[in-house]
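Please take a moment to look over the two chains before reading on.

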Amino acid sequence: MSTLAQKKGFGAVLWDYLTTVDHKKIAILYLIAGGFFFLLGGLEAMFIRIQLAVPNNDFVSAGLYNEILTMHGTTMIFLAAMPLIFAFMNAVMPLQIGARDVAFPFLNSLGFWLFFFGGVFLNLSWFLGGAPDAGWTSYASLSLASEGHGIDFYALGLQISGAGTLIGGINFLVTIINMRAPGMTYMRMPMFTWATFVTSALILFAFPALTVGLFLLVFDRMFGSNFFDPAMGGNTIIWEHFFWIFGHPEVYILILPAFGIFSEIFAIFSRKRLFGYSSMVFATVLIGFLGFMVWAHHMFTTGMGPIANAIFAVATMAIAVPTGIKIFNWLFTMWGGSITFTTPMLWAIAFIPSFVAGGVTGVMLASAAQDYQYHDTYFVVAHFHYVIVGGVVFALFAGAHLYWPKMFGTMLNEFLGKITFVLFFIGFHLTFFIQHFLGLWGMPRRIFTFLPGQGLDTANMVSTVGAFFMAIAVIILLINIVITSVKNEKVGNDPWGDGRTLEWAIPSPPPFYNFKQLPLVRGLDAYWLEKMEGKKGMSPAEPLGDIHMPNNSFIPFVISLGLFIAAFGAMYRAEHSWGIPVLIFGMLITLGSMFVRSVKDDHGYHIHKEDLEDSNDKGVKA
Amino acid sequence: MKRLAKWRLFSLFAMMALILSACSGKPYLSTLKPAGEVAQTQFDLMVLSTAIMVGVIAVVTVIFFIVVVKFRRKDDRIPKQVEGSHKLEIIWTVIPILLLLILAVPTVSATFKLADVSPMEKKNEEGKTDALVVNVRANLYWWEFEYPNQEIITGQELVVPTDEKVYFNLIASDVKHSFWIPAVGGKLDTNTENVNKFWLEFDGEKAAEADNYFYGKCAELCGPSHALMDFKVKAVPRDQFDQWATAMKDVKEPKQAETDLAQAGQEVFNNSCIGCHAVTPANTAPEAARLAPNLTNFGDRDRIAGILDHTEEDLKDWLRDPETYKPGNKMTGTYGELTEEELDALTEYLMGLKVMEQ
């Protein structure tokens, strides 16, 4: 990026990124924004652990603690993990299926800017009277009782960024269905593409439930409706259902792409094709499907009665089966392979025991009668950090190291990468393993302090020490990124040497049109097949011709900005006279720019055949 | 190699033993020291599922270490590209299903057992139940316990007889809370719109080990002082419970203070506190009028506000500035500044509110 800046000047680069519709640049935007929110969420996590290091601590006050814990969860799930996953999906999936971009490049950009403005709006709450304080689940009775505008920031911010996610999901679905290169049948798609496909379907069906729930919450809080007020005939438990019908698939939206990244890594660094590919695909689809059948296991103690509890308990246990299939398939991918321990592979290898530990506690939690003890304790906190950190965050670190050369054309330092890995791995287990026991010893979750004399002191201190290891590891990763960017040593198409899928057949980073000629895919691991037959690259599936490309556009940014402004108007409508005008003004910006987009024809442009012939070293080699 | 494996196994068992003995938490709080039928059922399920899960982890770990040690890259050969193995895949699909069935059957049976509250419905001629019923009402940040059969109310400290099933009606009056006595059994939410019902049993011997006091917790985020919404459970043999209930019921009129100081305190109380705090246990007032914990037996209790030690000094600190000790509580600012003399008097009076002679 630095060389680009020198060539074009900072302003030009900034304008390019503000208007880009190129999936690779949008991936970088997601990576930067998601990375920033990840650091923010991590900082909040450190505050939590410092506060809980000793009993009766007063590092933060009770009310502030609730804001921090709410923003930690909300930020990490919606503004860090999901955008970072979207970064890799955007960067890699179109390349893996041999496409020149996603199906709707304009929408791709719109999705990013909606997420970004939603996230900024949510975090501005810190400076405008206090952040949301009812937990990331924002259960209705408490979220309605919460004073100030915190919960309004939560509801409106997530509404805006949720719309972005939904748009992104639809875009990926259409891309995978329609834009696969010749010969790329469904059962030849790389595992990460399959994971993206199933994840996008989950987003399509899960996010509307959140959208509806948030709308009802917004109306209850800002416009005087009573959907969740029992005194007026409403019902708070409906919120719990809305939230978890979205919220449970959400955790699979996070973990399935992580599984996809690890599937790629195990195959690449074992030099072996994925063991049991078709059962892996089947397991992914099954996890996605079952993910919608189990939401009420988050509500075992709500009082649904033994019949519902028993049904949801058994359904939840069933998910362990396809997940187990995946674990064994990964192990047997390595079995008989030729393993090298690169940084991505270290994360992948460490993921297996960490995730299995989180998975088995998931089965324990699924068992309703014993869940009455675990529910809302640190046992649950330990469980979901084992699966989300041990699964998703490990995958994000692994993916960052694996795909850094493909995204930026230069490799992260392996030595520093391994130091990050070791510190984070130790810190992670130190922090969260003991929390299982804290929960069993009777420590509820979401408490801002605890009293001495309950046998919880030492374990909490251990947990806090672990958190510092993770913080240091992340700082080293940042140093690594800076050093790598400054050095900027360029690498070739296949920097790891054992790339199997199409993205490794083209330059790093790829030219903006990705493939000069669409590649012909002859089987699973298309690039590997060609390499094994002694060829240097893919065979083209079409003669060299003009390439149709979309124009850059500033409209997605403006549409999102309009909603961002309107959200302030909606929130302050009741107490300030400027509320309604601002609401209308913001909506006018959004609707106006949508109108411009609709009436102004944008046919894109063509890269001519002759220009492509000049640059022989780029794209597919014939 | 074999010796190494044995040594590993031994250290594993040693670790397990250590975890089970030293690290099972406090008897008044820990779910790993079950003190009653419900907690015991849940503990047994924990042990069963942990055993299955440790088995699974062991298998994965063995394969994992073999793979990582044996198949490191030694040369530049390209390994055989294996598509999969139907036999293996069937094995690791079927075995987990069987393991889950082993866990699912006791899970479902326990889930129904713990939800069986039919004795609450069986009324005798007086329109009361033979089983002991407690109506629990959760409030920002305190607990009310009403005994409908005994027609008494108390707050913050639940008194129950040991070795029999106690049935609970749970509800919240402001936001959602969750009623949890870790050592005695799992939690159940107190919703704002409906009554949740369940039962617990308090084991006499285990209660004695815990000095007859269990800790209770709120387990659902309910606001700033969620962490401080503790309560105590005094579990005593049935005859002592009956004595307590009778002694409570005998308080028909507010107990008159005896010393001069206490009388002054009672005056302060009647001016500043009685609007919210009752000092008679009758459950005649409507719920909406019961704005704060009932103090009939305040002097008998183990904690002030659920969290502070039961001493005069702590009581004065609490009365001076409740906001410091329980941020966001509903008592702050409902009464004027108290002078030191008033505090002394009030403390004397409150500490004298006892129903048990001890």
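In this predicted model, A:Arg446 is found in the loop of chain A that runs between helix H16 (414-440) and H17. The phi angle of A:Arg446 is near 60°, which is a positive value in a residue other than glycine. Most residues other than glycine have a negative phi, and most peptide bonds are trans. A:Arg446 counts as buried, because 23 C-beta neighbours lie inside 10 Å, where 20 or more are needed for that label.

Two further backbone features can be read in the same way. In chain B, B:Gln156 sits in the loop between strand S3 (152-155) and strand S4 (157-161), and although B:Gln156 is not a glycine, its phi is positive at about 70°. B:Gln156 counts as buried, because it has 23 C-beta neighbours inside 10 Å. Back in chain A, the peptide bond that leads from A:Ser508 to A:Pro509 is cis, with omega near -10°, and A:Pro509 has its place in the loop between helix H17 (457-487) and helix H18 (526-532).

Among the helices of chain A, H9 covers residues 236-270, and its 35 residues should span 51 Å at 1.5 Å a residue, which agrees with end C-alpha atoms that are 51 Å apart. Of the 35 residues of H9(A), 31 are buried, so the helix is largely enclosed by the rest of the structure. Just after H9(A) comes A:Arg271, which takes a positive phi of about 55°.

Helix H11 of chain A, residues 306-318, has 13 residues that should span 18 Å at 1.5 Å a residue, and its end C-alpha atoms are 18 Å apart, in agreement with that expectation. What do the buried residues of H11(A) pack against? These buried residues are A:Asn309, A:Ala310, A:Phe312, A:Ala313, A:Val314, A:Thr316 and A:Met317, and they pack against helix H12 (320-334), helix H13 (343-366) and helix H14 (368-374) of chain A, together with helix H3 (86-114) of chain B.

That packing leads on to the contact between the chains. In the model, 76 residues of chain A are in contact with 75 residues of chain B. On the side of chain A that touches chain B, the largest share comes from H12(A), which contributes nine residues. The residues on this side of chain A divide into 43 nonpolar, 28 polar and five charged.

Taken as a whole, chain A has a secondary structure of 21 helices and two strands. Its radius of gyration is 24 Å, close to the 25 Å that the globule rule gives for 622 residues, so chain A is as compact as a globular protein of that length. Along the principal axes, the C-alpha atoms of chain A fill a box of roughly 70 × 60 × 45 Å, and 60% of the 622 residues count as buried. Among contacts in chain A between residues at least 6 apart in sequence, 82% join residues at least 24 apart.

B:Phe168 lies in strand S5 (residues 165-172) and counts as buried, because 23 C-beta neighbours lie inside 10 Å. Leaving aside neighbours within four places in sequence, B:Phe168 is in contact with B:Val134, B:Val136, B:Lys197, B:Phe198, B:Trp199 and B:Leu200. The C-alpha atoms of B:Phe168 and B:Phe198 are separated by 5.5 Å, although the two residues are 30 residues apart along the chain. B:Glu340, by contrast, counts as exposed, because it has 9 C-beta neighbours inside 10 Å. B:Glu340 lies in helix H9 (residues 340-351) of chain B, and its C-alpha atom is separated by 9.1 Å from that of B:Arg320, 20 residues apart along the chain.

Terms used
Residues numbered from 1 in each chain as written. Chains lettered and ligands numbered in written order. Predicted model: local features only at pLDDT ≥ 70, side-chain atom pairs only at ≥ 80, totals over all residues. Helix = DSSP H or I, 4+ residues; strand = E, 2+ residues; numbered from the N terminus. Buried ≥ 20, exposed ≤ 12 C-beta atoms within 10 Å, placed from the backbone. Expected span 1.5 Å × (residues − 1). Contact = placed C-beta atoms within 7 Å. Nonpolar A, V, L, I, M, F, W, Y, C, P; charged D, E, K, R; others polar. Rg over C-alpha atoms; globule rule 2.2 N^0.38 Å.
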